[in-house]
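I opened the model to look up a few things. These are my notes, in the order I checked them.

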Amino acid sequence: MATTSISTPDALASESSAASAGGIPPPAHPGRALFVNAVEVPTPVALRMVGTLPSWLTGTLLRIGPGTFVIPRGDGGGTSKPLSFSHWFDGLGILHRFHLPGDGTIMYSARKTAAEEEARLAGGATLGGTFGQDPCAGVFARVRAAWAGLNHDRTNVNVSVGRFGKSGDVYARTDANVLLQVDPSNLDVTGRTSYAAHNKALRGPLSSAHPETCPETGDTYNFTMDFGAAGATYTIFCVPAAGGLSAAYEVARINAPPRYIHSFFLTSRYIILGAWPTLIRPLRLLWEGNFASAVDFEADSATLFYVIDRHRPGAGGGSGSGGDAAAAAAASVVATYTAPPLFCFHTVNAYETPSGDLSLTLCHYPDTAIIQDLGLGKLASAPSRDFHRPRLATYTLPNPAGVAAATVAGGGGDGRRRTRPAPVPAEGPVFLSGQQIELPRINPAFATRRHSHTYGTSYVEADKVRGDFYWNALAKVTTPMTAEGTEAAASTAVLEWSETGCYPSEPVFVARPGGSAEDDGVVLSVVVDVPRCCTFLLVLDAKTFKELARAEVDEVVPLTFHGSFLGLEGAAPA
């Protein structure tokens, strides 16, 4: 594996060397600076520019993530203990906007998404259901908190932001069945809704924060999950490019055990749910008052990949009854595959090979220990070696069309499948690199087809004095394709960007208008510079991974989760 590193040293390196020689204490753990309360910037401000932006780069980068971690409580006299969140995922949301008008400047603004909830909590209101927070209350208060968390008016939305399809309204999303409509011009939250509000069939408290959009049709897919006496019902649905949320329709319905699924896969023909052995226990959710405590990783259970034909609208619809409804639900699943137990926050891509197999790429963890790793106490104190690191991996699902055809042939005399097809072993994992990769992104035009380049947050070895943070770099992982149309893992190459004391967020690829190469464009990442107590928007050449420009924010912008780039319609290329 060839690796090329592009690194920029700064004063922290010499400070750490001096500390090791004695006399100077080592620097504070960087995590203590990465999770501070964000500052709202309602009026856009011009950022200091270093370097030169490509003239074709016009549009708006939206980012979202936790922005409030400590809330003072009481009358302001300091007599009440502040509310401090204990898990990264529970920080109250904030939106960030980096606007690139095309004149070489960048304008920045930021607005909170949960200002009303923050005010309620500051006034002493009970904390609602959370991802990883311990309510520190009795059982009845815990139950009240859990039910409050299922109240959509109080759900904290802080995970992803973007459009459904290539145009239309912008929404902030989370793993709950809740959406915030956002005005991308000023970050106003203009409405709160849910998938169920647009189609009653899309019920259930949970969903995925990562809808998948087909680059060819502009149609977007997602699922909701509802709990029941027999387990859970997953309702897979489509938001058509022509019609938006109001035209959302059900594609399939699956009855299966409730699993925590943060993201899934899409190909030109199929939707694939990766059901990791992450069993959700609803009663424990009520008892404990937080989601993480209700998830069990069942190391003795298999991972299941459910393959659904996305071009079969209404396959799992509930309009029928009895045997007809059961048969329709069974027909929703084209094929099921098994794999050894694993966990995945983020899928990367999926496509169909020339032989008809499905190739899936994901960020692989051996278990769910990473969920506890992301508690704020550990993030702000533990060295990087104490964290569980994800690796880029592929799985192959052999010939789902053949599995489906064989199942139908063995079904009833009318050619209809009555039962779900028997599980077939998946092939993998094949690890593409030893590189730590999380928050992965690709050129979105290559979604649902073979891609070569994956961008993500990564880690480079820190000096011995500083344990450093869970990640401290960006990486571009390039995997060539073999003659058989699969990834040549042995030929994987890696480019890195890192700068001592700097901690990047998810990289977002933006294609150059008119470009044809997969990596013809730029990569954008919001980077916290801990020694200078500031933040900058980093612009890298996606091909060489060399810096083109940066735009500096005077404040620390806490690490964000996800974002999207909205191009200016009609913007002329260079």
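I call a residue buried under 20% relative accessible area, exposed over 50% and partly exposed in between (1.4 Å probe, protein chains only). Helices (H or I, at least four residues) and strands (E, at least two) are DSSP runs, numbered from the N terminus. This is a predicted model, so I kept in mind that local features need pLDDT of at least 70, side-chain atom pairs count only at pLDDT 80 or more, and totals for chains, interfaces and linings use all residues. Residues are numbered from 1 along each chain as its sequence is written, and side-chain values use heavy atoms, with hydrogens and water left out.

Helix α3.
I looked at α3, residues 115-122, and found Glu117, Glu118 and Leu121 buried. Seen down the helix axis, these buried residues fall within an arc of 100°, so they line one face of α3. The arc is taken over the directions from the helix axis to the C-beta atoms. Glu116 and Ala119, on the other side of α3, are exposed. The cover over the buried residues includes β4 (59-68) and β7 (92-100); contact means heavy atoms within 4.5 Å. After α3 comes Gly124, with a positive phi near 105°.

Cores.
I define a nonpolar core as a set of buried Ala, Val, Leu, Ile, Met, Phe, Trp, Tyr and Cys residues joined through side-chain atoms within 4.5 Å. The largest one has 78 residues, and Trp88, Tyr234, Ile236 and Phe305 touch the most other members. Apart from it lies another core of 25 residues, among them Tyr108 and Phe565.

Arg385.
I found Arg385 in the loop between α9 (376-379) and β26 (391-397). Arg385 counts as exposed because its relative accessibility is 67%. Its C-alpha atom is 9.0 Å from that of Asp468, 83 residues apart along the chain.
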